[in-house]
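I opened my notebook to keep track of what I looked up, one entry at a time. Here is the model I was working from.

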Amino acid sequence: MTDYHSEQWLDLTHTMAADVLAGECPWEILADLSDLIRAWGQTLSRDDYTEITPGVFLARDVRVSPTATIAGPCIVGAGSEIRSGAFLRGSTLIGRGCVIGNSTEVKNAILFDGVKAPHFNYIGDSILGFGAHLGAGAILSNMRCDGAPIVLRTTPPISTKRRKLGSVIGDGCEIGCHAVLNPGTILGRGSIVYPLTSVRGVHPEGSRLTGTRGG
């Protein structure tokens, strides 16, 4: 399991969750994310953040469309934008300079600084590294059709013991329009998923993925 620690894919200087991710397999903290966000919220400077509703903390310069919905617990960092029709369903940690765009839905997820999910995206039970970008309609699926626990396609396979797990996307990844990342997908830093591609499995840094990848 030590080969799959967070630092392999993620620059931890770009998230408030650095201390809990360090040295751990990143998916392991998702079960506790709601409680962690509530605790972090209580430590935030009230000069820099406003608690707009119980458990929802926004940096003072965050721009929020009046048609967006934000449920707690949630933290949104400085310089981020929550656009029209976005739905933050709770247990969401959004970094600095992020964009959650038109009709994008996020739940139980960590977005590092600079993540852009601007158009019709679904991000469930996932972690997105620094500067990752989702093209329009890209989906991070978080549940198998049969509802079975998610098993990572590593050698040997790793059972996450989670019924819901989306993707871990490394720093600087580009996900093309209408791509689908199946449950338990992991992408190394700087990987590119081409439009309309279906991806599963664990892929190394700098991968270029097209078609149906991962079996």
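**Entry 1**

I began with strand 9 and strand 12 (residues 116-119), which pair in the parallel sense over 3 bridges. Two strands count as paired if DSSP finds at least two bridges between them, and helices (H or I, at least four residues) and strands (E, at least two) are DSSP runs, numbered from the N terminus. I found that Val99 has Lys116 in strand 12 as its bridge partner. Strand 9 (residues 99-102) is also joined to strand 6 (residues 81-82) by 2 bridges, again parallel. There I saw Ile82 opposite Ile100 of strand 9.

A note on the source: this is a predicted model, where local features need pLDDT of at least 70, side-chain atom pairs count only at pLDDT 80 or more, and totals for chains, interfaces and linings use all residues. Residues are numbered from 1 along each chain as its sequence is written, and side-chain values use heavy atoms, with hydrogens and water left out.

Next I traced an open sheet of 9 strands with mixed pairing, in the order 1-2-5-8-11-14-19-22-25. Strand 1 (49-53) and strand 25 (202-203) are its edges, since each pairs on one side only. Helix 2 packs on this sheet and touches strand 2, strand 5, strand 8 and strand 11. Its direction makes about 55° with that of strand 5 (axes are lines fitted to C-alpha atoms, for helices over the stretch in contact, and angles run from 0 to 180 degrees between N-to-C directions). I also checked strand 14 (residues 127-128) and strand 19 (residues 167-169), which run parallel with 2 bridges; Ile127 is partnered by Val168 there.

**Entry 1: helix 2**

Which residues of helix 2 (residues 33-43) are buried? I listed Leu33, Ser34, Leu36, Ile37, Trp40 and Gly41. Buried means under 20% relative accessible area, exposed over 50%, partly exposed in between (1.4 Å probe, protein chains only).

**Entry 2: Ser6**

Last, I looked at Ser6, in the segment before helix 1 (18-21). Ser6 counts as buried because its relative accessibility is 0%. Leaving aside neighbours within four places in sequence, Ser6 is in contact (heavy atoms within 4.5 Å) with Leu12, Leu21, Glu24, Cys25 and Pro26. A polar atom of the Ser6 side chain lies 3.1 Å from the backbone oxygen of Leu21.

How values were computed: A polar contact is a pair of N or O atoms within 3.5 Å; within protein, one must be able to donate a hydrogen and the other to accept it, and residues adjacent in sequence count only if both atoms are side-chain atoms.
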